[in-house]
Amino acid sequence: MQALEVRGLVKQYRNGVQALKGIDLDVAEGDFFALLGPNGAGKSTLIGICTSLVSKSAGRIAVFGHDLDGDLEAAKACIGVVPQELNLNQFETPETIVVNQAGFYGIPRSVARERAEKYLTALSLWDKRHKLTRTLSGGMKRRLMIARALMHEPRLLILDEPTAGVDIEIRRSMWEFLRELNERGTTIILTTHYLEEAESLCRNIAIIDRGQIAEADRMDSLLRKLHTESFVLSLRAPVSVVPRVTGYELTLIDPQTLEVEVSKDRNLNELFTQLSADGVQVLSMRNKVNRLEEIFMRLVDKSGAPA
Amino acid sequence: MSKGITQARWIGFKTIVFREFGRVLRIWGQTIVPSIVTAALYFVIFGSLIGGRIGSMDGTDYMQYIAPGLIMMAVITNSYANVSSSLYGAKFGRYLEEVLVSPLPNWVIVLGYVGGGVLRGLLVGLAVTLVTLFFTHLPVEHLFLILAAVFLTAMIFSLAGLINGVFAKNFDQVNWIPTFVLTPLTYFGGVFYSINLLPEWARTLSFANPILHMVNAFRYGFLGRSDVDVFAALAIMTLSVVVLFFIALHLMSRSAGLRD
């Protein structure tokens, strides 16, 4: 069964802006799905329609087979959403917020209290449960929004840039938490601007740009479409001229840094052998850009190019 | 409809009402105390100081005459303010989305917010009634009428407050209606005087003021006297609840201020 099925979805705002131009999208049950796109591409509009915060102009959406037009309550009961912008009552405590949220989904108070402990503990917020939300840090508020979205144990969790503005340590722990959640069966749709986040977590991906799906594929298939990869090499000793290595295009960034573009049909062993023969010693190597970022930029640039 | 859905909606409704009422109790200095202080001042100034010179109104001791109107005034302002400010605050802070994304139907959300407003209106009304008893004796002629009038009035102004909260684009707009509409209507709504004192044209005009009917129906419950037909007043109040409920429901489903 599809967790999310979108067909011919159109959203035209009253000011004439067409945010979505007939989108088709499928997210399978159990998937960890990345929905990427530049700002204003239509990601949040799509999520808003799924959660009934935005009305659609045309098309249909089904969540685990429940059509939003005919079976809205059942569809919404399947969804947990973590919005992009903070939307917490700053004058309530985390415990009150999550227990109330469970109540809105018809969960009795006693069960809600047990779940509050479970999810606030899992997201390292249990010791803050009696603090006013406004006293929490930005990262804590983000985690609180995740705990709140999980209180009714949704089958589909939609996260709209959940790690925006969160430091790397907390981001990593949130990734781990989401990975475990997905392994336990929750379907997750993630939008993010951190492309390494999508690459690390997601199995399938759709790139949306200017209200249209520019690409939808498996993550590994999409990454294989890259024919070249760029690396940055740090050298032990400075060089004054670019070493000549047959089959590789090298650029000198500074006397101790080289950039090399490697085609998919070549390997790095050859490169290092030739550099060693020329007396160039490589101290370290890193990817110039994230691979997904490169694909993303190409797709977005392509769809934005004038016809 | 399955029992499970009904129970889920009931839990959702209770959650909204308890959350709203919890807010009332949490900020009691803003929500409960001011009306008690205001009512006490009215009784001291209009009742004890000036009222002694007025004597009676329509054959009733003036302090006793104004008491039901002052209680009703507290119910009106508090039920209205509760829903308008709470809903606008939730909209402004975006946490209204918590209920909007939930499976709760819009009518349950409307009733939940209105329930919070009604509870605050009744609580403050009860507190002002207790204050009243320090200043005057308040007989009870028709208990059912008192309860029906106060409950319907609290419902009407909670619904009106919700509509205001939906439309408001800033906190100023939350305060406009109470300042420029509710206060004048209340003061001209027969709280402090009988419309029999007015010239014919003003008396006729007063009948168009819904608060006149509410105050008089409520006063009739206590004192057994009214400037209006109390059954017509109850009918007007019931009709107002129905009309305002459907307006609120429509706005909750469609309003650009909440969704879209």
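Strand S7 of chain A is mostly covered, with 5 of its 5 residues buried. Keep in mind that this is a predicted model.

**Inside strand S7**

- Which residues cover the two faces of S7(A)? On one side sit Leu156(A), Ile158(A) and Asp160(A), on the other Leu157(A) and Leu159(A), and all of them are buried.
- Here is a handy rule: in a regular strand, side chains alternate between the two faces of the sheet.

**Neighbours of S7**

- S7(A), residues 156–160, pairs with S6(A) in the parallel sense over 4 bridges.
- Two pairings show how these strands line up: Val81(A) has Ile158(A) as its bridge partner, and Val82(A) stands opposite Leu159(A).
- S7(A) also runs parallel to S8(A), and 5 bridges join the two. In one of these pairings, Leu156(A) has Thr187(A) of S8(A) as its bridge partner.
- How does the chain get from S7(A) to S8(A)? The path goes through helix H6 (residues 168–183) of chain A, and this β-α-β crossover is right-handed.

**The whole sheet**

- The sheet in chain A is open, has 6 strands in the order S6-S7-S8-S3-S9-S10, and shows mixed pairing.
- Its edge strands are S6 (79–82) and S10 (212–218) of chain A, each pairing on one side only.
- From one strand to the next, the twist averages 15°.
- Helix H1 (residues 43–50) of chain A packs on the sheet, touching S3 (32–36), S6, S7, S8 (187–191) and S9 (204–209) of chain A. The direction of this helix makes about 145° with that of S7(A).

**A loop residue**

- Arg210(A) lies in the loop between S9 and S10 of chain A.
- Why does Arg210(A) count as partly exposed? There are 17 other C-beta atoms within 10 Å, while a buried residue needs 20 or more and an exposed one has 12 or fewer.
- Arg210(A) and Thr135(A) are 75 residues apart along the chain, and their C-alpha atoms are separated by 38 Å.

**Where the chains meet**

- The contact takes 23 residues from chain A and 21 residues from chain B.
- On the chain B side, helices H1 (3–26) and H5 (97–100) each supply at least two residues. H1(B) gives the most, with 7 residues.
- By class, this side of chain B has 9 nonpolar, 5 polar and 7 charged residues.

Notes
Residues are numbered from 1 along each chain as its sequence is written. Chains are lettered from A and ligands numbered from 1 in the order in which they are written. This is a predicted model: local features need pLDDT of at least 70, side-chain atom pairs count only at pLDDT 80 or more; totals for chains, interfaces and linings use all residues. Two strands pair if DSSP finds at least two bridges between them. Axes are lines fitted to C-alpha atoms, for helices over the stretch in contact, and angles run from 0 to 180 degrees between N-to-C directions. Two residues are in contact if their C-beta atoms, placed from the backbone, lie within 7 Å. Ala, Val, Leu, Ile, Met, Phe, Trp, Tyr, Cys and Pro count as nonpolar, Asp, Glu, Lys and Arg as charged, and the others, Gly among them, as polar. A crossover is right-handed if, with the strands pointing away from the viewer, the path from the first strand over the helix to the second runs clockwise.
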